[in-house]
Amino acid sequence: MTTLIINIKELLQIRTATETKVCGEAMRILPRIKDAFLLIKDDLIADFGPMNSLPKLVANHTIDAKGKLVLPAWCDSHTHLVYADDRAAEFVDRINGLSYEEIAMKGGGILNSAKKLQKTSEDELFAQARKRIDEIMALGTGAVEIKSGYGLNTESELKMLRVIKRLQESAPITIKATFLGAHAIPLQFKNNPDAYIDEIIDNMLPRIADEKLANFIDVFCETGYFNPAQTERLIIAGQKFGLKAKIHVNQFTSIGGLQICLKHQALSVDHLEVLTEKDLCDLKNNETMPIALPTCSYFLSIPYTPARKLINAGLPLALASDFNPGSSPSGNMNFVVSTACIKMKLTPEEAINAATLNAAYAINLEQTHGSVTKGKKANLIITKQIPSLNYIPYAFGSNLIDTVIINGKTNG
Ligand code: NIG
Ligand code: FE
C-alpha cells in the first residue's frame with residue numbers, strides 16, 4: 001500500500017536517523033524542503049525530496065498538498081489522560097479564589113480524582129480514555145505517554161495500567177505507559193508516607209513488572225507530596241524492573257528532586273516551573289530531557305517554565321500537554337505549541353522541535369517518531385492552506401489541520 005503526497009508547500013522537520021534530539025541554538029533550525037513530495041509505503045516514510053526529483057511511480061493513493069505544509073505528528077510526552085469524570089467544580093473553586101494547593105489540602109485535587117477512579121469500572125475508564133485518544137489524534141498527536149496515578153492502591157493502579165494496555169492494543173497511535181503510584185499520599189498513609197512507598201515497592205512494582213504494564217516510573221516530587229529521598233527509593237526500585245524514570249519535579253518548589261533525577265540519569269524531568277540558578281546549572285551536560293507543560297501554567301495561572309533560560313543555556317527542551325483533569329484538561333498540542341511561543345517566547349521552530357523530535361526522545365521513541373526520516377513511522381500532519389509555518393502558533397485557536405496520517409493511514 002503506497003500513498004504519495006505531492007506539491008507540498010513545505011515539508012518540515014527533516015532529519016537523519018542519527019539526529020535524536022536538538023539542543024540550545026540548534027533548536028532554532030527546522031530543516032525543510034520547499035515544493036516537496038513524500039512517499040509512504042505501508043506504515044513508514046519510504047522517500048521524500050523536492051518535486052523536481054520525484055521518481056516515476058504509481059501509488060495507490062495520491063494527495064495533492066498544494067499550499068499546505070507537512071510536518072511530523074505531535075508526540076505528547078506527558079499526560080494523565082486515563083481518569084474518571086472531570087474536576088470542573090474545582091475549576092470554579094479556583095475562579096472563586098482558592099489555590100490548587102488549598103483545594104488539594106481540602107481533599108480535592110488528585111485524591112478527588114482517585115476517589116472517582118476507584119469507583120469506576122475498567123470498561124468505563126477505557127471508554128472515557130478512548131474518546132480522549134480519538135480527540136487528540138484528530139488534533140495531530142501521533143504518539144502519547146500516559147501515566148497511572150489516580151489509583152493510589154494496588155488494585156486501582158493495576159486497573160489504570162490495564163486500561164492503558166487496552167488502549168495500546170486498540171488505538172492506532174503509539175502509547176507508552178508510566179507507573180505513577182506516588183502521585184499523592186493516600187489518606188490512610190497520611191501519618192506514615194514511607195509505608196506507602198514500601199507498599200509501592202513491595203506490592204505494586206513486582207505485579208506491574210510481571211504483567212509488563214509499564215515502560216517508565218514517575219513520582220510527584222513536591223512539597224506536600226513526595227520528598228527527594230522517597231523519590232530516589234522509587235527511581236532505584238523502578239530501575240531494578242527496567243523502568244526508566246520520568247519525574248514530576250519543581251512544579252511549585254525546588255527541593256532537590258531534580259538533582260536526584262540527574263544522579264540516576266532520568267529520561268526526563270517534567271514541569272520545572274520553579275528553577276533556581278543551581279538547578280539550571282546542574283541540568284547541563286546530562287542526557288535527561290527537560291519537559292515544559294505550558295498549558296498547565298496557563299490553566300493554573302502559575303509561572304511558566306523558564307524555557308528561554310534553558311535553551312539559551314544550550315539545553316534541549318520538550319513540550320507536552322500534561323492532559324489531566326486538575327491542571328490541564330486539554331490534550332491539544334497545537335495550543336501547547338502556541339502557548340509555548342506566546343508565553344515562553346519560543347520561536348515557532350523551537351516549539352515544533354520541542355513537540356516532535358525532542359518529545360519523541362522523552363518517551364524513547366526517537367528511533368521511530370518525531371521527524372521526517374526514511375524508515376520512521378508515517379505519522380504526519382497535513383495543514384490546511386496556510387501562509388507560513390509561523391502561522392501554526394500564531395493563529396492559535398484556529399483548526400489549521402487538514403489531514404492527520406497515522407501509521408500511513410488517513411485518520412478519520
Ligand atoms: O502534572 N502535578 C502533578 N500531577 C498533575 C496534576 C494532577 C491533577 O491535578 O490531577 C500535573 O500537573
Ligand atoms: Fe503531570
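The C-alpha centres of domain 1 and domain 2 lie 29 Å apart. This is a predicted model, in which local features need pLDDT of at least 70, side-chain atom pairs count only at pLDDT 80 or more, and totals for chains, interfaces and linings use all residues. Residues are numbered from 1 along each chain as its sequence is written, and side-chain values use heavy atoms, with hydrogens and water left out.

**View 1. Two domains meet.** The protein chain splits into domain 1 (2–72 + 373–410) and domain 2 (75–361). These bounds come from an automatic or database domain assignment. Across the boundary, 28 residues of domain 1 are in contact with 34 residues of domain 2. Contact means heavy atoms within 4.5 Å.

**View 2. The largest nonpolar core has 123 residues.** Such a core is a set of buried Ala, Val, Leu, Ile, Met, Phe, Trp, Tyr and Cys residues joined through side-chain atoms within 4.5 Å. Buried means under 20% relative accessible area, exposed over 50%, and partly exposed in between (1.4 Å probe, protein chains only). Val82 and Ile133 have the most contacts inside this core. Helix H6 (residues 193–210) gives the most to it, with 7 residues. Helices (H or I, at least four residues) and strands (E, at least two) are DSSP runs, numbered from the N terminus. Domain 1 and domain 2 both give residues to this core, so it lies between them.

**View 3. Valine 82 and its contacts.** Residues up to four places away in sequence are not counted. Valine 82 touches Leu117, Leu125, Ala129, Arg132, Ile146, Tyr150, Met160, Val163, Ile164 and Leu167.

**View 4. Glutamine 251 is buried.** Its relative accessible area is 4%. Glutamine 251 sits in the loop between strand S10 (244–249) and helix H8 (257–263). Beyond its neighbours within four places in sequence, glutamine 251 is in contact with residues including Phe220, Glu222, His271 and Cys296.

**View 5. Alanine 378 is buried.** Its relative accessible area is 0%. The loop between helix H14 (357–361) and strand S14 (380–385) holds alanine 378. Leaving aside neighbours within four places in sequence, its contacts include Ile40, Asp43, Ile405 and Gly408. The C-alpha atoms of alanine 378 and threonine 368 are separated by 9.2 Å, with the two residues 10 residues apart along the chain.

**View 6. Isoleucine 95 is exposed.** Its relative accessible area is 58%. Isoleucine 95 belongs to helix H1 (residues 88–95).

Key:
Chains lettered and ligands numbered in written order.
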